[in-house]
Amino acid sequence: MKKVSLTGIKPTGDLHIGNYFGAIKPALELAKEYDARYFIADYHGLNVMKNPVELNTSIRKVAAGWLASGLDPQSVIFYRQSSIPEVFELTTMLMAFTSKGLMNRAHAYKAAVQENNEKGDDPDAGVNMGLFTYPVLMAADIILFDSDVVPVGKDQVQHIEMAQDIAQSVNANYGKELLKAPQAAVRETVAVVPGLDGRKMSKSYNNVIPLFAPEKDLRKTIMRIVTNSQAVEEPKDPDSSQIFLLYKLFASHDEQAALAGRYRAGGMGWGEAKEELFRVINRELTPVREQYDAIMADIPALDRILERGAEKARHIAAATIKRFRKAAGID
Ligand code: ADP
Ligand code: TRP
């Protein structure tokens with residue numbers, strides 16, 4: 001039997017090239033070898049997206065992004081989390097095996113508490129139970145489908161480790177391998193795609209290069225990348241330049257070597273380096289953007305793809321729930 005690769009993306013805004021390299025591309029690569037199950041984590045999105053119109057369009061944008069990037073819904077089971085009620089049943093069952101202390105240690109929750117403490121607010125101000133129990137829902141997403149590997153960016157590794165812990169607690173209780181404990185699959189070379197300001201590219205930092213922006217906007221965004229004040233003639237170190245780090249994601253080996261040479265020789269300003277970056281990004285993204293626009297122009301067809309995926313997913317999900325309920329004595 002083939003092993004299972006599973007991952008999800010929250011529909012919390014427009015996709016950016018960090019998502020593309022950190023999540024979508026590695027996942028599609030794995031789909032060639034594994035049985036792949038990829039989904040839109042819309043209930044995770046609800047934790048932060050309280051505007052219904054925005055959440056609704058975001059769900060379609062992320063789904064269209066996967067398909068435009070090459071996901072084949074014939075070979076990958078592709079669905080919305082919200083279409084699988086078994087996810088929520090499993091979440092409730094896993095809650096019974098998840099210590100509160102484990103949740104207290106989750107990075108996202110700890111960061112929220114720390115921020116509140118720094119402001120002198122109540123430690124839990126603005127923290128909803130969706131955020132606090134986020135890792136349990138995520139563990140259910142993963143465990144429900146007997147996932148072996150979960151392709152994610154580095155920031156998600158802790159969540160996968162929590163899913164392992166939770167699956168192991170269940171297994172220890174029943175004395176058998178009832179649930180599969182997953183492994184994270186992080187691609188080290190693209191583990192963290194830098195944003196316009198050099199920090200991790202993230203919607204939360206407002207430093208992203210959007211994946212499907214029109215060409216003109218893409219160019220403008222790239223021109224906003226923050227650089228130091230080195231003059232045109234000065235030799236530059238490619239490896240400490242985030243323009244070059246981004247360039248490496250899109251350029252061939254020969255192109256990378258050639259541009260690195262120009263950095264080191266001096267005589268190339270940051271403006272020119274950005275032009276080169278725009279050229280290679282636009283080369284890769286133009287066909288993807290065209291696909292994306294075509295998919296977004298027919299939302300009913302997109303929804304049908306997701307519904308067909310959900311039907312397939314529910315068959316697998318039902319088997320896991322049945323197995324667990326029986327072991328738990330709730331059958
Ligand atoms: P954001 O940080 O913009 O809110 P998400 O948290 O929704 O992005 O991330 C969706 C997926 O994309 C996750 O698997 C995450 O690890 C990956 N990802 C997000 N930003 C980056 C980045 N800068 N580099 C690599 N992977 C990323
Ligand atoms: N938490 C993930 C993120 O922020 C999204 C997600 C939800 C996920 N459920 C998942 C990723 C299950 C992998 C597997 O990016």
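Me: Which element gives the most to the shell around ligand 2?

Reply: That's H8, with 4 residues. Bear in mind that this is a predicted model. Strand E1 (4-9) and helix H8 (134-143) each put at least two residues into that shell.

Me: Which residues are closest to ligand 2, and how many surround it?

Reply: There are 14 around ligand 2, and the closest are Lys10, Tyr134, Met138, Asp141 and Gln156.

Me: What makes the pairing of Tyr134 with ligand 2 a polar contact?

Reply: The cut-off for a pair of N or O atoms is 3.5 Å. A polar side-chain atom of Tyr134 lies 2.6 Å from a nitrogen atom of the ligand, so the pair qualifies as a polar contact. Gln156 gets in too: an N or O atom in its side chain is 2.9 Å from a nitrogen atom of ligand 2. For Lys10, a side-chain N or O atom is 3.3 Å from an oxygen atom of ligand 2, and that is also within 3.5 Å. As for cover, ligand 2 has 360 Å² of accessible area on its own, and the protein covers 91% of it.

Me: How does the shell around ligand 2 divide by class?

Reply: It has 8 nonpolar, 4 polar and 2 charged residues. Tyr134 is one of the closest residues, and Tyr counts as nonpolar in this scheme.

Me: Now ligand 1: which residues come nearest?

Reply: Of the 18 residues around ligand 1, those are His16, Asp155, Val193, Ser202 and Lys203. By class, the shell has 7 nonpolar, 7 polar and 4 charged residues.

Me: How do you know that His16 makes a polar contact with ligand 1?

Reply: Same test: N or O atoms within 3.5 Å. An N or O atom in the His16 side chain is 2.7 Å from an oxygen atom of ligand 1, so the pair passes. Lys200 also uses its side chain, with an N or O atom 3.0 Å from an oxygen atom of ligand 1. Ligand 1 exposes 530 Å² when taken alone, and the protein buries 95% of that.

Me: Why is H3 called roughly perpendicular to H14?

Reply: The axes of H3 (residues 52-68) and H14 (residues 299-328) cross at roughly 75 degrees and come within 11 Å. Angles of 65 to 115 degrees count as roughly perpendicular, so H3 is roughly perpendicular to H14.

Me: Which residues meet where H3 touches H14?

Reply: On H3 they're Arg60, Ala63, Ala64 and Leu67; on H14, Ile299, Leu302, Asp303, Ile305 and Leu306. By class, that's 7 nonpolar, no polar and 2 charged.

Methods
Residues are numbered from 1 along each chain as its sequence is written. Chains are lettered from A and ligands numbered from 1 in the order in which they are written. This is a predicted model: local features need pLDDT of at least 70, side-chain atom pairs count only at pLDDT 80 or more; totals for chains, interfaces and linings use all residues. Side-chain values use heavy atoms; hydrogens and water are left out. A residue is near a molecule or strand if one of its heavy atoms lies within 4 Å of it. A polar contact is a pair of N or O atoms within 3.5 Å; within protein, one must be able to donate a hydrogen and the other to accept it, and residues adjacent in sequence count only if both atoms are side-chain atoms. Accessible areas come from the Shrake-Rupley method with a 1.4 Å probe; for residues, only the protein chains shown count as cover. Axes are lines fitted to C-alpha atoms, for helices over the stretch in contact, and angles run from 0 to 180 degrees between N-to-C directions. Angles under 35 degrees count as roughly parallel, over 145 as roughly antiparallel, 65 to 115 as roughly perpendicular and the rest as oblique. Contact means heavy atoms within 4.5 Å.
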